[in-house]
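Thank you all for coming.

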Amino acid sequence: MAQCVTCGNDYWLAFEIKTITGETYTFDSFECAITRLAPRCEHCDNRIIGHGSEVAGRFFCCAHCAREGDSGLGREIRDTVGAHPG
């Protein structure tokens with residue numbers, strides 16, 4: 001069995017994730033993987049689980065947070081998926 005690096009649980013269905021930097025982590029759940037690896041939004045501090053938005057090397061969970069960030073760098077970002085055009 002393998003032990004989760006986040007919670008310490010020893011679980012026979014644990015899985016490994018290898019990062020782009022070559023680090024390997026063992027987790028017993030996606031929740032533990034997200035807790036350990038997902039970045040946090042620089043505006044609201046939520047975990048960024050989806051695509052999020054990157055503005056000048058800073059990460060945000062959505063376009064709203066990118067626009068609301070203290071730098072004002074995200075003013076041109078728009079969330080338009082599914083938005084009514086008019």
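Before anything else, one definition: a residue is called buried when its relative accessible area is under 20%, exposed when that value is over 50%, and partly exposed in between. Leu 13, with a relative accessible area of 44%, is therefore partly exposed. Please also keep in mind throughout that what you see is a predicted model.

Let me begin with the overall layout. The protein chain has two helices and six strands, and, if you follow the chain from the N terminus on, these elements come in the order β-β-β-β-α-β-β-α. Of the 86 residues in the protein chain, 22% are buried, and the accessible surface comes to about 6300 Å², with carbon and sulfur atoms contributing 51% of that area. As for contacts with a separation of 6 or more, 11% of them are between residues 24 or more positions apart.

Now back to Leu 13, which sits in the loop between strand 2, residues 10-11, and strand 3, residues 15-18. Together with Met 1 and Trp 12, Leu 13 forms a nonpolar patch on the surface, and the accessible area of these residues taken together is about 440 Å².

If we set aside the neighbours within four places in sequence, the residues in contact with Asp 28 are Cys 4, Cys 7, Asn 9, Tyr 11, Ala 14 and Phe 15.

How many salt bridges are counted in this model? The count comes to two, and I will take them in turn. In one of them, the side chain of Asp 45 meets that of Arg 40, with an N to O distance of 3.7 Å. Asp 45 is partly exposed, at 44% relative accessibility, and Arg 40 is partly exposed as well, at 37%. In the other, Arg 58 pairs with Glu 42, and their closest N and O atoms are 2.7 Å apart. Because Arg 58 lies in strand 6 while Glu 42 lies in the loop between helix 1 and strand 5, this pair ties together parts that are 16 residues apart in sequence. Glu 42, at 42% relative accessibility, counts as partly exposed.

Asp 45 belongs to the loop between helix 1 and strand 5, residues 53-55, and its phi is positive, about 70°, although Asp 45 is not a glycine. Ala 56, likewise a residue other than glycine, has a positive phi near 50°. Ala 56 is found in the loop between strand 5 and strand 6, residues 58-60, and at 64% relative accessibility Ala 56 counts as exposed.

Note on methods:
Residues are numbered from 1 along each chain as its sequence is written. This is a predicted model: local features need pLDDT of at least 70, side-chain atom pairs count only at pLDDT 80 or more; totals for chains, interfaces and linings use all residues. Side-chain values use heavy atoms; hydrogens and water are left out. Patches are made of residues with over 30% relative accessible area and no salt bridge: like charges are joined within 9 Å, nonpolar side chains (Val, Leu, Ile, Met, Phe, Trp, Tyr) within 5 Å. Accessible areas come from the Shrake-Rupley method with a 1.4 Å probe; for residues, only the protein chains shown count as cover. A salt bridge is a side-chain nitrogen of Lys or Arg within 4 Å of a carboxyl oxygen of Asp or Glu. Helices (H or I, at least four residues) and strands (E, at least two) are DSSP runs, numbered from the N terminus. Buried means under 20% relative accessible area, exposed over 50%, partly exposed in between (1.4 Å probe, protein chains only). Contact means heavy atoms within 4.5 Å.
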